[in-house]
Amino acid sequence: MKDEERTKEQLVHELAAVRQRIAVLEALESEHKRSEEALRQNEERIRLIVESALDAVITMDAQGLITGWNPHAETIFGWSREKVIGRPLAKTIIPPQYRESHHRGLQQFLATGEGPVLNKRIEITALHRDGYEFPVELSISPLRSGETFTFSAFIRDITERRRAEEALQRAKEEAEAANQAKSVFLANMGHELRTPLNHIIGYSDMLQEEAEEAGQEEFIPDLQKIRGAGKHLLGLINAILDLSKIEAGKTDLSLETFPIPPMIQDIVTTMKPLVDTNANTLEVHCADDLGTMRADPTKVRQALFNLLSNACKFTERGTITLGVIREMVDSAAWIRFRVTDAGIGMTPEQMGKLFQAFHQADASATRKYGGTGLGLAISQRICQMMGGEITVESALGQGSTFTISLPAMDVRG
Amino acid sequence: MTKILLVEDNEENRDMLSRRLTRRGYKVVIAMDGEQGVTMTQSEVPDLILMDMDLPVLNGWEATRQLKAASATQAIPIIALTAHAMVGDRKKALEAGCDDYDTKPIEFLRLLEKIEAFLGKETTS
């Protein structure tokens, strides 16, 4: 009985152990099912990623046969998946002239584990089913599976990108050639335009002398007009050539250290006739400590002349002020030439375009006031070459103030 | 009468300069190119030469070099005339042996001053 009891007890135990083992196995099996399901889902996800990729995704085995071909590969190469699986990759998408090196690269990899095109992004020519070649970007990675290899390639058709790059390159070359042609053209035109113009100016000059000698004074005003128009045109041509030289970087500065007050005095004397033209008055305020500056004196004069003659042009029966000061900014000395007129002033929009070539405040101003529309553009470029700039403050009907700021670049003299 | 040789291939420039110089009392002889300029300097023996630099056959730089190399002609002052108002042109003209330099367009009175400066020196020396 005791034995029977024990046997029964033992059986119950064993049964429980078996049940437990079954439960464990069941758990394991469902775990296995779950992970199989997860694996399946994962594979499905990867397949979908490959299927929907915008790059061609192609796989190839170690024999060089195609094993994978996604829809985008069908699109760019023209081969359907059914037709292409199992075909030699080289004959399918590699142009004949590159097949030999493809073959060598593959053999090299299988022998040494290294290949010239692996694990990087390269640009290469591919072959379409219809026989034409097109540029692609390609990256190939080798995948070891057991004793053998699979190669996966991501391929992107870059025909459009290549076309855009080529168009860009062509456009750049054309622009450079055009710019060069422009410079040569301007240099030649400058000479060709000036020669006949010099004849117009020269002959009107000569006729004027002869008219004076012959006592035919009535011709003189007309001859002066011809000469004046010729001079104006010559100024215009010179200004255009000046500007194109500056823009081509062919203008050199000839730097000198010179005292400022004598230059101002000289400019005031030269400006006198222009100041008088519109019955204006020129007031000059020079600070006592101006001293000397280091700059190209001819170019400083040119810029100052330009600002002053503009002020004279746009002011009538008013006062034009030229103020010159020396100022320290962050321990560097600057010279500021400030030209204030009592002229017609400008709106902010007009000021914005002021320093661009061929812009006066507006087109009607050109007709009314003359000028080339180049003076300020040239002056601004000149001042920038010397490390400074021209700034402007103005309001419509309130007159304008133009300021040339140039580094003095010199010890106080 | 003071004689000036004008070497200039451009007809209008030649006409203008020679007329204006003639009116100021100079005798003007004309050469159309550099080679003619050299031979006419030898035959005419002018008191001064106005030499365009862009000349056919023989350019002005070369003609000047030849004239300045020959003992018979080297003392005759030469004023170079160039169309290019380039900084380097002045140096180039003086290196070729020109005694002075002026740019086109010709400012007649300025050129006249230069001419008179040489001829004045000639007569006093």
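The contact between chain A and chain B takes eight residues from chain A and nine residues from chain B. Two residues are in contact if their C-beta atoms, placed from the backbone, lie within 7 Å. On the side of chain A that touches chain B, three residues are nonpolar, four are polar and one is charged. Here Ala, Val, Leu, Ile, Met, Phe, Trp, Tyr, Cys and Pro count as nonpolar, Asp, Glu, Lys and Arg as charged, and the others, Gly among them, as polar.

This is a predicted model: local features need pLDDT of at least 70, side-chain atom pairs count only at pLDDT 80 or more, and totals for chains, interfaces and linings use all residues. Residues are numbered from 1 along each chain as its sequence is written, and chains are lettered from A and ligands numbered from 1 in the order in which they are written.

**The sheet of chain A**

Chain A holds an open sheet of five strands in the order 7-9-10-12-11, with mixed pairing. Helices (H or I, at least four residues) and strands (E, at least two) are DSSP runs, numbered from the N terminus. Two strands pair if DSSP finds at least two bridges between them. Strand 7 (281-286) and strand 11 (389-394) of chain A are the edges, each pairing on one side only. Neighbouring strands are turned by 20 degrees against each other on average, direction ignored.

| Strand pair (chain A) | Sense | Bridges |
|---|---|---|
| Strand 7 and strand 9 | parallel | six bridges |
| Strand 10 and strand 12 | antiparallel | seven bridges |
| Strand 11 and strand 12 | antiparallel | six bridges |

A:L282 has A:I320 in strand 9 of chain A as its bridge partner. In strand 12 of chain A, A:T401 stands opposite A:T340 and is also the bridge partner of A:E393. Strand 11 and strand 12 of chain A form a hairpin with five residues between them. In its turn, A:G397 has a positive phi of about 80 degrees.

Side chains alternate along strand 12 of chain A. A:S400, A:F402, A:I404 and A:L406 point to one face and are buried. A residue is buried if 20 or more other C-beta atoms lie within 10 Å of its own, exposed if 12 or fewer, and partly exposed in between.

The largest nonpolar core has 31 residues, of which A:L307, A:L308, A:V339, A:I404 and A:L406 touch the most other members. Such a core is a set of buried Ala, Val, Leu, Ile, Met, Phe, Trp, Tyr and Cys residues joined through C-beta atoms within 7 Å. Helix 9 of chain A gives the most to this core, with eight residues. Beyond its neighbours within four places in sequence, A:L307 is in contact with A:V339, A:S379, A:F402 and A:I404. A second, separate core of 28 residues includes B:L5, B:M16, B:L17 and B:W61.

Helix 7 (residues 220-247) and helix 12 (residues 375-385) of chain A pack at an angle of about 35 degrees, with their axes 10 Å apart. Axes are lines fitted to C-alpha atoms, for helices over the stretch in contact, and angles run from 0 to 180 degrees between N-to-C directions. A:A239, A:D242, A:L243 and A:I246 of helix 7 meet A:A377, A:I378 and A:R381 of helix 12.

**Chain B**

Chain B has five helices and five strands, in the pattern β-α-β-α-β-α-β-α-β-α along the sequence. Buried residues make up 34% of its 125 residues.
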